[in-house]
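Here is a short briefing to read alongside the structure. Please keep the sequence and the 3D view open as you go.

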Amino acid sequence: MRSRKKKWADPFILAHPELFPSVETLKLGSPSYLEIGCGKGDFLLQLAPKQPGSYLAIEKDHSVCAVAGRKALNAGISAISFLPLDFDDLLPKLLESGHRFRAIYINFPDPWPKLRHHKRRLTTAERLLSMAALLDEGGEIRFKTDNADLFAYSLEQAALAKLKVIKRDDDYEVGEDDALTEYEKQFRLYGIPIHYLALAKGEPNL
């Protein structure tokens with residue numbers, strides 16, 4: 001669903017470079033974690049306080065990204081940096097920057113159900129390979145969705161990318177090293193099963 005543009009969003013982003021750095025001024029400690037498509041930030045706002053590290057949240061919708069940043073500011077959480085950019089545009093800059101991540105989170109992305117739109121899915125083999133290039137040694141791509149078709153597609157794409165399946169769960173329960181997203185809370189409330197996949201570099205074992 002397309003969000004309504006908020007007039008205050010861009011001025012807020014400009015006024016808070018400590019929350020919204022440029023790629024060039026971005027500073028991350030170790031370990032570092034990345035969420036692609038952070039939405040309004042609920043996931044990382046829950047995860048960061050219980051899992052020490054540096055967090056980078058990417059959200060291409062400026063208004064939605066500003067909402068997430070404002071939540072972090074109000075909560076006094078300084079471990080999260082936000083970039084209001086598209087992953088495809090950001091990828092070359094991240095690779096050049098040398099930033100690497102212990103985990104990359106993809107939580108409930110747009111399933112783009114029409115066949116002609118599948119190339120827009122975040123879990124194409126090409127994009128998964130790009131994410132794998134951003135992982136630390138031993139790092140993982142962690143993917144959650146309520147959409148069974150997208151999950152099956154993502155497994156196929158992971159195989160094409162020759163990534164190793166660390167964990168697969170078709171009725172996933174949230175672990176200690178995880179947190180709920182805004183959408184996930186609603187899905188679980190209505191008993192909708194959550195599909196989970198953890199991938200790493202290496203030969204596939206599908």
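Is Lys-162 buried or exposed? Lys-162 is exposed, because its relative accessible area is 55% (buried means under 20%, exposed over 50%, partly exposed in between, with a 1.4 Å probe and protein chains only). This is a predicted model, in which local features need pLDDT of at least 70 and side-chain atom pairs count only at pLDDT 80 or more, while totals for chains, interfaces and linings use all residues. Residues are numbered from 1 along each chain as its sequence is written, and side-chain values use heavy atoms, with hydrogens and water left out.

**Backbone points to look at**
- Lys-162 also has a positive phi of about 60° although it is not a glycine, and it is found in the loop between α6 (148–160) and β6 (163–169) (helices are DSSP runs of H or I with at least four residues, strands are runs of E with at least two, and both are numbered from the N terminus).
- Trp-112 is another residue other than glycine with a positive phi, near 40°; it lies in the loop between β4 (101–107) and α5 (125–132).
- The peptide bond from Ser-30 to Pro-31 is cis, with omega near 0°, and Pro-31 belongs to the loop between α1 and β1 (32–36).

**Helix α3**
- Helix α3 (residues 62–75) has 14 residues and should span 20 Å at 1.5 Å a residue, which agrees with the 20 Å between its end C-alpha atoms (the expected span is 1.5 Å times one less than the number of residues).
- Its buried residues include Val-64, Cys-65 and Val-67, and what covers the buried residues includes α1 (9–15), α2 (42–50) and β3 (80–83).
- Just after α3, Gly-76 takes a positive phi of about 70°.

**Aromatic rings**
- The count comes to 10 aromatic pairs (rings of Phe, Tyr and Trp, the last by its six-membered ring, pair if their centres lie within 6.5 Å; planes under 30 degrees apart are stacked, over 60 edge-to-face and the rest tilted).
- Phe-12 and Phe-20 are edge-to-face, because their ring centres are 6.0 Å apart and their planes are at 80°.
- Phe-143 and Phe-151 are stacked, because their centres are 6.3 Å apart and their planes are at 15°.
- Trp-8, Phe-12, Phe-20 and Phe-82 form one aromatic cluster.

**Charges over rings**
- The charged end of Arg-120 sits over the ring of Trp-112, 4.8 Å from its centre (NZ of Lys or CZ of Arg must be within 6 Å of the ring centre and within 35 degrees of the ring normal).
- Arg-121 lies over the face of Tyr-153, at 4.6 Å from the ring centre.

Definitions and conventions:
Contact means heavy atoms within 4.5 Å.
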